[in-house]
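Have it open beside you and take the points in order.

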Amino acid sequence: MADVILKGSREKSLTRHHPWVFSGAVDTVRGKPGRGETVDILSPDGRWLARGAYSPESQIRVRVWTFDPEEEVSAGFFGLRLSRSIESRRAIGIEQAADAFRLVNSESDGLPGLIVDRYDRFLVCQFLTAGAERWKDAVVSWLERLTACTGIYERSDADVRAKEGLPPSVGRLSGEEPPEVIEIHEHGCRYLVDVRHGHKTGFYLDQRDNRACLARYASGRDVLNCFSYTGGFSIAALKGGASHAVNVDSSGSALGLAARNVLINGFDPGSVENIEADVFTLLRRFRDSRRSFDLIVLDPPKFAESKGQIMRASRGYKDINLLALKILKPGGILFTFSCSGLIERDLFQKIVSDAALDAGREASIIHWLTQSSDHPVSLNFPEASYLKGLVCLVK
Ligand code: SAH
């Protein structure tokens with residue numbers, strides 16, 4: 001096995017069990033590890049620190065599989081980690097709430113680069129790093145054994161693969177091919193998910209708890225769901241008794257599924273309006289035509305992909321929050337989110353408070369929201385926390 005020897009003073013994060021070694025922390029590499037190969041990580045004075053997967057092309061040069069010197073990284077290792085992850089989802093009781101949830105959340109489940117989402121009887125996987133890619137066969141064969149799934153499908157088409165020098169990889173890995181759409185159930189609602197072409201692995205599972213929260217405030221309200229994707233928040237709102245919902249998204253295919261979701265839940269098709277538009281433009285149009293709503297959801301895509309984009313992203317968040325606050329009726333509720341990991345919670349709250357000031361509205365936070373419990377955040381890996389939301393009651 002090859003060794004990666006760190007520079008002096010660069011071992012601190014590993015002693016705190018943070019699972020990443022950046023290229024700048026590496027002093028020497030002994031041996032010639034290939035892409036995804038297992039390496040030992042040593043301190044400058046030769047002490048064993050951890051064992052991980054080598055990514056020759058990434059800034060994150062090694063991702064730790066284990067901090068236990070006795071633990072070998074073999075097919076059996078993946079069996080143990082996967083069983084532990086699957087067991088932890090039982091421990092949080094997620095199956096009582098839904099038949100679609102995240103079974104494996106990468107670093108936070110001790111499996112850097114691996115995402116496994118369950119959609120009813122199908123599993124959808126992403127192998128996002130060189131290490132995860134290398135152990136794909138072992139992971140698939142353990143998932144077949146440990147779950148009662150009908151089929152396993154791969155959606156390793158996320159941009160981050162390029163940073164690892166890996167091409168996109170999509171298709172059936174095992175068992176049956178998934179159908180055109182999979183019907184999932186969550187808190188008494190039904191949703192159709194296109195795991196082949198949908199965003200991420202098909203659905204925003206991370207918003208499950210927040211959809212449930214929104215349902216509690218929806219009764220009798222006229223809802224505007226911005227960046228709606230397939231209308232998840234609107235279905236939850238109608239279930240909670242909303243009088244009407246408007247979905248806005250730039251993706252026509254997402255809105256097509258949103259319309260089907262209304263029907264399969266038995267709601268009146270007239271209770272939902274689907275608008276294919278740019279949210280920034282449409283909010284201005286609603287402001288100018290004085291159209292207002294009782295409850296507005298803002299759940300935009302990631303605006304900040306890198307530190308250099310934080311300022312621009314902040315202006316984007318401020319803009320949509322300002323416009324939404326202007327068209328909320330008195331007594332209205334704003335559910336506002338940011339999924340940019342680089343925008344910290346305090347900054348996001350400041351942006352929303354600036355927007356309220358500029359909109360001339362008084363508002364109070366009634367909930368601080370985050371990603372659902374099947375997307376856990378390891379205490380040693382705070383980077384896994386990316387989704388933040390505020391529920392504001394607006395005077
Ligand atoms: N709220 C959704 C997830 C939103 S993801 C849910 O809970 O399922 C972000 C969505 O914003 C995507 O569906 C994308 O198509 C859409 N989008 C991105 N930029 C947009 C824009 N400028 N105007 C409208 N929609 C946009």
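1. About 910 Å² is buried between domain 2 and domain 3, counted as the accessible area (1.4 Å probe) that the two parts lose on being put together, summed over both. Carbon and sulfur atoms give 62% of that area. On the side of domain 2, Arg102, Glu107 and Ser108 supply 41% of what this domain buries against domain 3, more than any other three residues.

2. A word on the basis: this is a predicted model, where local features need pLDDT of at least 70 and side-chain atom pairs pLDDT 80 or more, while totals for chains, interfaces and linings use all residues. Residues are numbered from 1 along each chain as its sequence is written, and side-chain values use heavy atoms, leaving out hydrogens and water.

3. Where do the domains lie? Domain 1 covers 2–66, domain 2 covers 75–175 and domain 3 covers 204–394, with bounds from an automatic or database domain assignment. The C-alpha centres of domain 2 and domain 3 are 28 Å apart. Their contact (heavy atoms within 4.5 Å) takes 13 residues from domain 2 and 10 residues from domain 3.

4. Between domain 2 and domain 3 there are zero salt bridges, a salt bridge being a side-chain nitrogen of Lys or Arg within 4 Å of a carboxyl oxygen of Asp or Glu.

5. Now to the ligand. A polar side-chain atom of Asp249 is 2.6 Å from a ligand oxygen atom, and one of Asp299 is 2.7 Å from a ligand nitrogen atom. For Phe227, a backbone N or O atom lies 3.0 Å from a nitrogen atom of the ligand.

Definitions and conventions: A polar contact is a pair of N or O atoms within 3.5 Å; within protein, one must be able to donate a hydrogen and the other to accept it, and residues adjacent in sequence count only if both atoms are side-chain atoms.
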